[in-house]
Amino acid sequence: MKDTHKHQGLRNQLVKTIIAKGVTDKKVLEAIASIPRHLFLDSSFADFAYQDKAFPIAADQTISQPFTVAYQSELLKVEKGSKILEIGTGSGYQTAVLIEMGAKVFSIERQQELFRKTKLFLQKLNYKPKALIFGDGYKGLPTEAPFDGIIVTAGAPFVPNPLLAQLKIGGRLVIPVGDDVQTMTLFIRKSEKDFEKHELGDFRFVPMLKEKN
Ligand code: SAH
């Protein structure tokens with residue numbers, strides 16, 4: 001598992017592309033500049049790791065496009081020590097970005113194969129989430145709530161109420177909502193009962209897997 005000057009050069013180019021698309025959060029850009037995305041991909045795609053594209057990972061899932069990761073991470077407004085819940089650990093790339101930004105990260109994955117594989121992989125790279133959980137993201141993580149931010153990295157058919165309920169006042173939920181195409185949606189909790197809602201651009205994610213009973 002090597003990271004070379006060549007990879008660093010490609011990452012710097014990728015960061016320029018992401019800046020050109022409008023991302024300004026320094027912590028996000030520094031995270032993308034430092035994380036070896038080529039190691040998060042299947043080796044057959046490793047040569048393309050620094051193109052701004054999504055790629056297949058195990059279990060019919062995808063590693064999100066770097067711009068999408070950057071955009072969602074920026075919307076979360078992560079501060080050092082922010083407590084963040086991620087739904088959909090997948091390859092662990094988004095998890096690593098949040099950790100690198102200084103967040104305390106809890107991440108839930110619904111598929112056991114990915115959960116196991118990514119847990120070992122993040123350990124190997126020395127990224128330390130607070131917890132990786134094998135479970136159902138629709139329920140959030142009530143035992144660790146409330147969170148400063150919650151990020152959903154699969155297309156949600158609707159906004160799960162437990163996720164809104166598990167935000168701190170002032171906390172943010174970033175969630176792509178829709179079936180074939182998703183609208184990136186940002187909720188900011190204004191008070192116990194009030195949420196501000198912002199509908200942002202269109203994105204395409206793999207669909208969130210159904211709720212478990
Ligand atoms: N953040 C990931 C994106 C992975 S794609 C990355 O950077 O690679 C979306 C992931 O969400 C998949 O791994 C999928 O298995 C997972 N997922 C889908 N439905 C889920 C659910 N209900 N609860 C938790 N994870 C889910």
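Which residues does serine 107 touch, not counting residues up to four places away in sequence? I looked this up before anything else. Serine 107 touches Glu86, Gly88, Thr89, Thr95, Ala131, Leu132 and Ile133, where contact means heavy atoms within 4.5 Å.

**Basis of the entries.** I worked from a predicted model, in which local features need pLDDT of at least 70 and side-chain atom pairs count only at pLDDT 80 or more, while totals for chains, interfaces and linings use all residues. Residues are numbered from 1 along each chain as its sequence is written, and side-chain values use heavy atoms, with hydrogens and water left out.

**Serine 107.** I placed serine 107 in strand E4; helices (H or I, at least four residues) and strands (E, at least two) are DSSP runs numbered from the N terminus. Serine 107 counts as buried because its relative accessibility is 0%. The cut-offs are under 20% relative accessible area for buried, over 50% for exposed and in between for partly exposed, with a 1.4 Å probe and protein chains only. I also noted a polar contact of 2.7 Å between the side chains of serine 107 and threonine 89. A polar contact is a pair of N or O atoms within 3.5 Å; within protein, one must be able to donate a hydrogen and the other to accept it, and residues adjacent in sequence count only if both atoms are side-chain atoms.

**Ligand.** I then turned to the shell around the ligand, to which strand E2 (62–63), strand E3 (83–87), H4 and strand E4 (104–109) each supply at least two residues. Of the 26 residues around the ligand, Gly88, Ser91, Glu109, Gly137 and Leu209 come nearest; a residue counts as near if one of its heavy atoms lies within 4 Å of the molecule. A side-chain N or O atom of glutamate 86 is 3.1 Å from a nitrogen atom of the ligand. An oxygen atom of the ligand lies 3.1 Å from a polar side-chain atom of glutamine 111. A backbone N or O atom of glycine 90 is 3.5 Å from an oxygen atom of the ligand. On its own the ligand has 580 Å² of accessible area, and the protein covers 100% of it; such areas come from the Shrake-Rupley method with a 1.4 Å probe, and for residues only the protein chains shown count as cover.

**Helix H2.** In helix H2 (residues 26–34) I found Val28, Leu29, Ala31, Ile32 and Ala33 buried. Their cover includes helix H1 (5–20), helix H3 (66–76) and helix H4 (93–100).

**Backbone geometry.** Most residues other than glycine have a negative phi, and most peptide bonds are trans. I therefore checked alanine 59, which counts as partly exposed at 23% relative accessibility. Its phi is near 55°, a positive value, and alanine 59 lies in the loop between strand E1 (55–56) and E2. Asparagine 126 has a positive phi near 70° and lies in the loop between helix H5 (112–124) and E5. Asparagine 126 is exposed because its relative accessible area is 53%. The peptide bond from alanine 145 to proline 146 is cis, with omega near 0°; proline 146 is in the loop between strand E5 (131–134) and strand E6 (147–152).
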